[in-house]
Every structure is written in C-alpha cells, then in structure tokens.
Amino acid sequence: MSHIRIHPDWHIHDREITPECSYFKRREFLKQMGILGAGLAGITKQVGLHGAEGNPSLQPSMPDGFPFKRHASYSPSWKLTEQQVAESYNNFYEFSTNKSRVRYLTGAFSITPWSVQVGGLVEKPLTFTVEEAYKRFQMEERVYRFRCVEAWSMVIPWTGFPLAALLKLVQPKPEARYVKFTTFNRPDQAPGMRLNSYPWPYVEGLTIEEAEHDLSFIATGMYGKPLPKQNGAPVRLVVPWKYGYKSIKSIDRIEFTAQQPKTFWESLSPVEYPFESNVNPNVPHPRWSQATERVVDTGLRRRTQLFNGYADQVARLY
Ligand SMILES: Nc1nc2c(c(=O)[nH]1)N[C@H]1C(S)=C(S)[C@@H](COP(=O)(O)O)O[C@H]1N2
Ligand SMILES: [Mo]
C-alpha cells in the first residue's frame, strides 16, 4: 500500500559518468569510499573493537579449502573489479540505502550459526548449515560479470556451487514451477529493516528452468575467501544474466512453488522491476537508458550486452 509509491533513491540514474579512465579519478573514488589513506589505517587499528556502528573488519572465519579451484569454463580473461571496491560499494537495503555506509552497519548482524531451509514442492526438504554446504557441495570459483539495474557493472570471482546441485538433492515435484528465495528478517540486527516503508523481508525468484541453468550459482565467497557481510554473507544467489537485484543476499529460505513469487522490487514497482529482469540494452528502464554501463572501479563506459554477455548460454530459455 504505502510502499507502492516509493521511488528508491538508488534507482535514480547513476550520473557519475567518467568517459576516460584516469588514475586520479580512480584514487578520488577510492578516497571517497574511505578505502585509501587514513580510512584504511583507521579500519585496521579498530580490529577487535566493537564500535557503535560495528566493525567492517570482523568478518567470517575461513573454512578449509579456500581458495577453491576456478572452473575452467568460467575463467575469462576479463580484468577483475578491484576487491576493495566490490567490498565497499554495496546495495543492501536491510542495512542502508547508502552504498558506502552498508559495510559499517553490519556489526550486529550475526551470521553464525546460519542455516538455510529448503522446502515447498520438493520430494526431500532439507535444512543445511553453511558449514555443511562446504562438505555436501563441490565448491568452485567462477568469474562472472555483474550488472546492476542502475547501470554500473563489476567482474567478480565468486566461490560456491551451482544451484542445480541443490535442486538435484531436494528433487522438485512436477508441480514446482518457481523457486522463491527469502532473506533473513531481523530488524534488531539490520537498521534498514526498521524502515517499514519497504516490504521486508527481501524476496526474489526464478523459474525452475532458470534455477536449473548451470550459470545460476549459490555463492558463499568471493575473491578467494568467505563473503563479507556487506556482500551477502554467508550465502547468496548470483544470476549473472539478470539485473543485480535478482542476486538476493543472506538467504534464509528457499521454497519451490507453483505460483510466481512476488518479489521485493516487483512489489515496489512492477513496471520498473519485473520478475524476469534479464539484462537487455534495448529495453530502457522507464527512467533511464540501459544501452551502456559504467565499470565501477575504472569509470569506463562500455556497451551493455544482451543477457549481460551470456546470450549464448541463456537465450534458449526465452
Ligand atoms: N537481501 C538483499 N539482497 C540484495 C539487495 C538488497 O538490498 N537486499 N540488493 C541487490 C542489488 S540491487 C544489487 S546490485 C546486489 C549488490 O550486490 P553487491 O553489494 O555484492 O555488489 O545485491 C542485490 N541483493
Ligand atoms: Mo542493483
């Protein structure tokens, strides 16, 4: 009701277009994000202290096996996004609508223990802890493009396992046509969730065919280590041919359904954020063009690719 009218500020067209790649601008950007110079020194000194805003250095401990072997088919030669940028430019509305503040607001967010409930229209419902995931699933690394609907992009090395491996374990029933993902619901640990103008908890969804596609990935890590909280620890979805908001973070529940789930962004604005949301340069967002994208760490503009460059693999689904 009241939330239907909201136009979130992060979906205002990103106007920081920097046509040329300049070292100076990149340094300015990193400085603004507080990850160069004094900012970094400050963070390092705080290790072990619990500030009112939480401490970005307190991150999950390292399970055995990192870094996992990179999958040969998902090892392109693209330049990776600078790790510091990927870890400090975050959309995670449960904490803040301000990308550079998210990482400072995750201190109270507890990710251990963590389990994911998998149920609904399946033969074998399952609840697994993140520790169990490392044992049950064959973990690997994959380099994927990542494209936000706001028209910026990154290239990230994720660690995790294909969602299809989970489907195989739980065995969806023939009536199951969709997979619904739900994020944790803990307003006491996530300040953004105390704003009731949003339809919490965050929900996303895929069709069964999309979920079975080898590109659909459940990530528990990035850059060869466990996911930082601000990037969706301890377990998130990554769907590289769709806009970034489909890649739901910090998953609590996975349900198989007959009906198409109503997603968080769709319930805010169905025209702007429809269920399917495949990256497409020819379909503008109602308020801005999707023809080009800004590479986040270099500032370079490049052409948006159909299905974010994964057309060969996924076009058959549509
Ligand atoms: N639960 C949850 N998942 C989320 C979001 C969010 O606000 N809450 N933001 C989405 C959006 S819009 C993007 S672009 C990506 C950002 O992921 P990153 O911070 O790891 O780059 O997460 C997606 N998943
Ligand atoms: Mo996004």
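Predicted model: local features only at pLDDT ≥ 70, side-chain atom pairs only at ≥ 80, totals over all residues.
Some ground rules: residues count from 1 along each chain as its sequence is written, and chains are lettered from A. Local features need pLDDT of at least 70, side-chain atom pairs count only at pLDDT 80 or more, and side-chain values use heavy atoms, leaving out hydrogens and water.

**View 1. Helix 5 and its buried residues**. Helix 5 spans residues 163–170 (helices are DSSP runs of H or I, at least four residues, and strands are runs of E, at least two, numbered from the N terminus). Leu163, Leu166, Leu167 and Val170 are buried here (buried means under 20% relative accessible area with a 1.4 Å probe, protein chains only). They cover an arc of only 105° around the axis, so they sit on the same side of helix 5 (the arc uses directions from the helix axis to the C-beta atoms). Just past helix 5, Gln171 has a positive phi of about 55°.

**View 2. Gln290 in its loop**. Look between helix 7 (264–268) and strand 11 (292–295) to find Gln290. How buried is Gln290? Its relative accessible area is 1%. The Gln290 side chain makes a polar contact with the side chain of Arg147 at 2.9 Å (that's a pair of N or O atoms within 3.5 Å, where one must be able to donate a hydrogen and the other to accept it; residues adjacent in sequence count only if both atoms are side-chain atoms). A polar atom of that side chain also lies 2.9 Å from the backbone oxygen of Val149.

Notes. Buried < 20%, exposed > 50% of the residue type's maximum accessible area, 1.4 Å probe, protein only.
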